[in-house]
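The structure is shown first, and the description follows.

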Amino acid sequence: MRRAIYPGSFDPVTYGHLDMIVRSAKIVDELIVAVLINSAKNPLFSIEERVSMLEEMTKDIPNVKIQSFEGLLIEYAREKEANLIIRGLRAVTDFEYELQIAQTNRIVNSQVDTLFLATSLEYAYLSSTIVREVASYGGDISHFVPGPLIERIYAKYKQ
Ligand code: ADP
């Protein structure tokens with residue numbers, strides 16, 4: 001069975017992430033979307049909120065599971081018996097860093113490969129940072145995230 005991990009911060013999940021999840025789920029038998037618990041970052045949404053938003057948005061894809069993780073991704077992959085890590089490439093700027101991480105991970109555990117998916121053209125500009133930035137000024141984020149999440153994102157800035 002091919003089990004893959006799609007890791008990220010998902011703060012918040014965007015249409016770009018969802019496109020990656022839908023496409024990845026077609027390639028593998030089981031996809032674990034792994035939400036990073038990173039104490040160094042100060043996220044907009046708690047880990048529980050990010051997991052629950054992803055669960056809601058992927059509930060119709062049977063081979064997708066949402067989990068959270070802390071620590072080294074490659075160790076987490078070993079724990080979950082996953083032999084594939086999926087990452088999205090939006091632009092050349094993503095590439096250098098992602099390549100370095102993928103190569104490092106292969107040295108640590110040669111059983112795990114990294115698969116890069118080129119972003120769909122319509123989401124190439126999109127990042128969680130852009131969503132937070134626009135939402136913080138009360139701008140229109142309906143092109144970036146699914147409808148049910150919009151109010152939840154605005155609410156964070158009203159608090
Ligand atoms: P990270 O902090 O690990 O970059 P993100 O939540 O920003 O976490 O992204 C998780 C993954 O999703 C990364 O592989 C990233 O390249 C990919 N990704 C982010 N935005 C998009 C997008 N618009 N289209 C395709 N892939 C994306």
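Helices (H or I, at least four residues) and strands (E, at least two) are DSSP runs, numbered from the N terminus. The C-alpha atoms of Y15 and D29 are 22 Å apart, although 14 residues separate the two along the chain.

The model is a predicted one, in which local features need pLDDT of at least 70 and side-chain atom pairs count only at pLDDT 80 or more, while totals for chains, interfaces and linings use all residues. Residues are numbered from 1 along each chain as its sequence is written, and side-chain values use heavy atoms, with hydrogens and water left out.

**The ligand and its surroundings**

The ligand is surrounded by 15 residues, of which the closest are Y6, G88, T119, Y123 and L126; a residue is near a molecule if one of its heavy atoms lies within 4 Å of it. By class, this shell is made up of six nonpolar, six polar and three charged residues, where Ala, Val, Leu, Ile, Met, Phe, Trp, Tyr, Cys and Pro count as nonpolar, Asp, Glu, Lys and Arg as charged, and the others, Gly among them, as polar. At least two shell residues come from each of β1 (3-8), α1 (15-27) and β4 (84-89).

| Residue | Part of the residue | Ligand atom | Distance |
|---|---|---|---|
| R87 | side chain | oxygen | 3.2 Å |
| R90 | side chain | nitrogen | 3.3 Å |
| L126 | backbone | nitrogen | 2.8 Å |

Of the 550 Å² of accessible area that the ligand has on its own, the protein covers 88%, with areas taken from the Shrake-Rupley method and a 1.4 Å probe; for residues, only the protein chains shown count as cover.

**The loop between β1 and α1**

P12 has its place in the loop between β1 and α1, and the peptide bond that joins D11 to P12 is cis, with omega about 0 degrees. D11 belongs to the loop between β1 and α1 and is buried, with a relative accessible area of 6%; its C-alpha lies 9.2 Å from that of E49, which is 38 residues away in sequence. F10 also lies in the loop between β1 and α1, and its phi is near 50 degrees, a positive value in a residue other than glycine.

E81 is located in the loop between α3 (73-79) and β4, where its phi is near 55 degrees, a positive value in a residue other than glycine. E81 counts as exposed, at 64% relative accessibility. R3 is placed in strand β1, and its side chain makes a polar contact of 3.1 Å with the side chain of E30. The side chain of R3 also reaches the backbone oxygen of K80, at 2.6 Å.

Conventions
A polar contact is a pair of N or O atoms within 3.5 Å; within protein, one must be able to donate a hydrogen and the other to accept it, and residues adjacent in sequence count only if both atoms are side-chain atoms. Buried means under 20% relative accessible area, exposed over 50%, partly exposed in between (1.4 Å probe, protein chains only).
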